[in-house]
Amino acid sequence: MKLEDKKRVLREMVLARRFEERCYQAYIERKIGGFLHLYPGQEACCFGVMEAARPGHDYVITGYRDHVHAIKCGSDPKEVMAELYGKETGSSKGRGGSMHIFDVKHRFMGGYALVGGPFPLAAGIGKGIQLKGGDEISICFLGDAANNQGTFHETLNMAALYKLPCLFICENNQYGIGTAIDRSTAVLDQFKRVCGYNIESAQCDGQDLDVVYEHARKAVDYVRSGKGPYFLELMTYRYRGHSMSDSRAYRTREEEELWKQRDPIFIVRDRLIDAKALTMDEFTHMEKDIDDYIENEVVKFAEESPEPNVADLEKYVLAD
Amino acid sequence: MAEMMYWEGIQRAHDEEMARDPLVICMGEDIGVAGGTYKATKGLYEKYGPLRVIDTPISENGFSGLAIGASFIGVRPIVEIMSVNFAWLAMDQMFNSAAKVRYMSGGQLTAPVVFRSPGGTAHQLGAQHSARMEKVFMGIAGLRVVTPSNPKQAYGLLKSAIRSDDPVFINEHELMYNMKGEVPDEEYFHPLEGSEIARAGTDVTLFGYNISVHWCLKAAEILAKQYDISAEVVDLYSLAPLDRAGIKKSVSKTHRAVIAEEDEAPVGVGAEVIAIINEECFFELDAAPVRVHAALVPQPYNHKLEMAAIPDHEDVVNAVLKMFGKA
């Protein structure tokens, strides 16, 4: 990745981090309701893969930890925040919430809240691409725990059988809600599980943007060239709990600290500083700029937007 | 107007729509090379090829989800689920993805998928191949449910379902695929909402859908000939939404209602129709509405037990006679 691109991505990653941290604050203030699954710690996964893909052109689908994926596909952070606030100006007009961000014009096909639910939907999008003859690919981001659903196996079988242009990204953060992977899953290396379906796969460090990017480039090229599906496992960690009501009693503070030493943002930042493409001052300014933008534009927009009209309760149930 | 079989009407709808639009596809177990368990996709594999006539693995939830995903970007899949009993496995994708996506995306996405599946008691198929489940589907927001009672409806409802931007579940019946009936020669689109009067009458309304329309028609004939009772038969081909106006209109004319369903009574079509009657025209009633329905048992294998578990036209006749104090 070129230094200038990396610098741009660093800014995007900081925005993603600050956005999520601001969501946390708004949740505590009870501005955001329901469930809230935050992304800090995993940023290199989404950004590394999407830098190798074509955001807004390739289709992306994911689970409920979806804010950052939507923004990387091209969603306006203001609309995503407004959705979390349940406002009419939100991505899904306040009908979806945190777990159901949609932005179809940017080909972000949604966040879904049934673990493993998006697998077959991603394959279907791949089938649609195959029928229509486009050069898009279908990218499905899910966590390791989704691989214990039947949809994982049913989908991988069909994706391989029909040679669908699907890239399955497994963000292995090692916990399914509050259960560690070694307590829920017989095979710890997720990429090994897809061998049984004759699907190309790889595993790599999910904290290092450069590593993710290089692996994703290979995977994206493979899928786009029509060779069929690919499964890429990224080893990562979520700093926060699964959702908000999570005491993190299932893991140690030491483990958390260990992972924070390999923070995906700091890895990029330090590499840019080493390459003399960035100074610490610049980075501090960048953070300040982003905080100002989030506060003065993103949160302000969400706060000031109107709520949906109750008279429209039954709008969007049926089309006809 | 040509006579054709129920399955031929379904096959014709597939063929016409697939010929018109290259993004109409069909998929399911054994529908391609094998031609379909009920012949509903006969000849399509040869005509449209394996990319559009897709033999799926036995993975109902998986291939239903695949169809839904494809529909997000403009594909119009027609999914055959070999038996409605297998559709239980696909309910996650049908309900959580197809039915809800339009709402939870604020109208950005819609899932124009057609799911077709036969249910009902055929010939000693046992507990896990004989169930009905229309009552489950008709309570899901965002899903349309229709159920054809004759070849014309089988053809016309599928045509309309394929063109609809909503997900549509078509409830068929294993015993009806070889039923013959008139189907228009020209292209015909049956409305997805409403009901139709299958036989006009003045003394009592018999509500049926799918196979039970035929019990009602037979019962109406017996009631007219042997008991001088004029029964109106209303065909509820749309179960979601139910035709409130049609139900009200007929009951306001006859003042009596019997609802016949092959399904078990709790939480079913009969219960729902009676609730609508209560809400729309309670004071028009001259007698309490009655349900004719299956026993609440897993469908037994033994033929005598099987027949005892489900109703038929005689049960409809008896319900009417009891209502008129003649039994």
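Which strands of chain A does helix H2 (residues 43–52) of chain A lie across? In this predicted model, helix H2 of chain A lies across strand S1 (59–62), S3, S4 and strand S8 (230–235) of chain A, and runs at about 165° to S3(A). These strands belong to an open sheet of six strands in chain A, with the order S2-S1-S3-S4-S8-S7 and parallel pairing. Strand S2 (108–111) and strand S7 (200–205) of chain A are the edge strands, each pairing on one side only. From one strand to the next, the twist averages 15°.

Within this sheet, strand S3 (residues 138–143) and strand S4 (residues 166–172) of chain A are joined in the parallel sense over six bridges. In this pair, A:Ile139 has A:Leu167 of S4(A) as its bridge partner. Helix H9 (residues 209–224) of chain A also packs on the sheet, where it touches S4, S7 and S8 of chain A. The direction of helix H9 of chain A makes about 165° with that of S7(A). The loop between helix H6 (150–161) and S4 of chain A contains A:Lys163. A:Lys163 is not a glycine, yet its phi is positive, at about 55°.

Chain B contains an open sheet of five strands in the order S9-S11-S10-S13-S14, and its pairing is mixed. Strand S9 (196–199) and strand S14 (290–294) of chain B each have a single partner strand, so one side of each is left without a neighbour in the sheet. Neighbouring strands of this sheet are turned against each other by 25° on average, with direction ignored. S9(B) pairs with strand S11 (residues 231–235) of chain B in the antiparallel sense over three bridges. B:Ile197 stands opposite B:Val234 of S11(B).

Two helices of chain B are placed against strands of this sheet. Helix H11 (residues 269–281) of chain B packs on the sheet and touches strand S10 (204–208), strand S13 (257–264) and S14 of chain B, its direction making about 150° with that of S13(B). Helix H13 (residues 313–323) of chain B lies across S10, S13 and S14 of chain B and runs at about 145° to S13(B).

Two loop positions in chain B have backbone features of note. The peptide bond from B:Ala240 to B:Pro241 is cis, with omega near 0°. B:Pro241 is placed in the loop between strand S12 (238–240) and helix H10 (244–254) of chain B. B:Asp30, which is not a glycine, has a positive phi of about 65°. The loop holding B:Asp30 runs between strand S2 (24–28) and helix H2 (44–48) of chain B.

The contact between the chains takes 42 residues from chain B and 39 residues from chain A. The area buried between them is about 3,400 Å², and carbon and sulfur atoms give 67% of this area. On the chain B side, B:Ile73, B:Tyr103 and B:Met104 lose the most area to chain A, together 23% of what that side buries. Strand S3 (53–55), helix H3 (60–72), helix H5 (91–99) and helix H6 (101–104) of chain B each supply at least two residues of the side that touches chain A. H3(B) gives the largest share of that side, ten residues. By class, the side of chain B that touches chain A comprises 18 nonpolar, 16 polar and eight charged residues.

Methods
Residues are numbered from 1 along each chain as its sequence is written. Chains are lettered from A and ligands numbered from 1 in the order in which they are written. This is a predicted model: local features need pLDDT of at least 70, side-chain atom pairs count only at pLDDT 80 or more; totals for chains, interfaces and linings use all residues. Side-chain values use heavy atoms; hydrogens and water are left out. Contact means heavy atoms within 4.5 Å. Buried area is the accessible area (1.4 Å probe) that two parts lose on being put together, summed over both. Helices (H or I, at least four residues) and strands (E, at least two) are DSSP runs, numbered from the N terminus. Ala, Val, Leu, Ile, Met, Phe, Trp, Tyr, Cys and Pro count as nonpolar, Asp, Glu, Lys and Arg as charged, and the others, Gly among them, as polar. Two strands pair if DSSP finds at least two bridges between them. Axes are lines fitted to C-alpha atoms, for helices over the stretch in contact, and angles run from 0 to 180 degrees between N-to-C directions.
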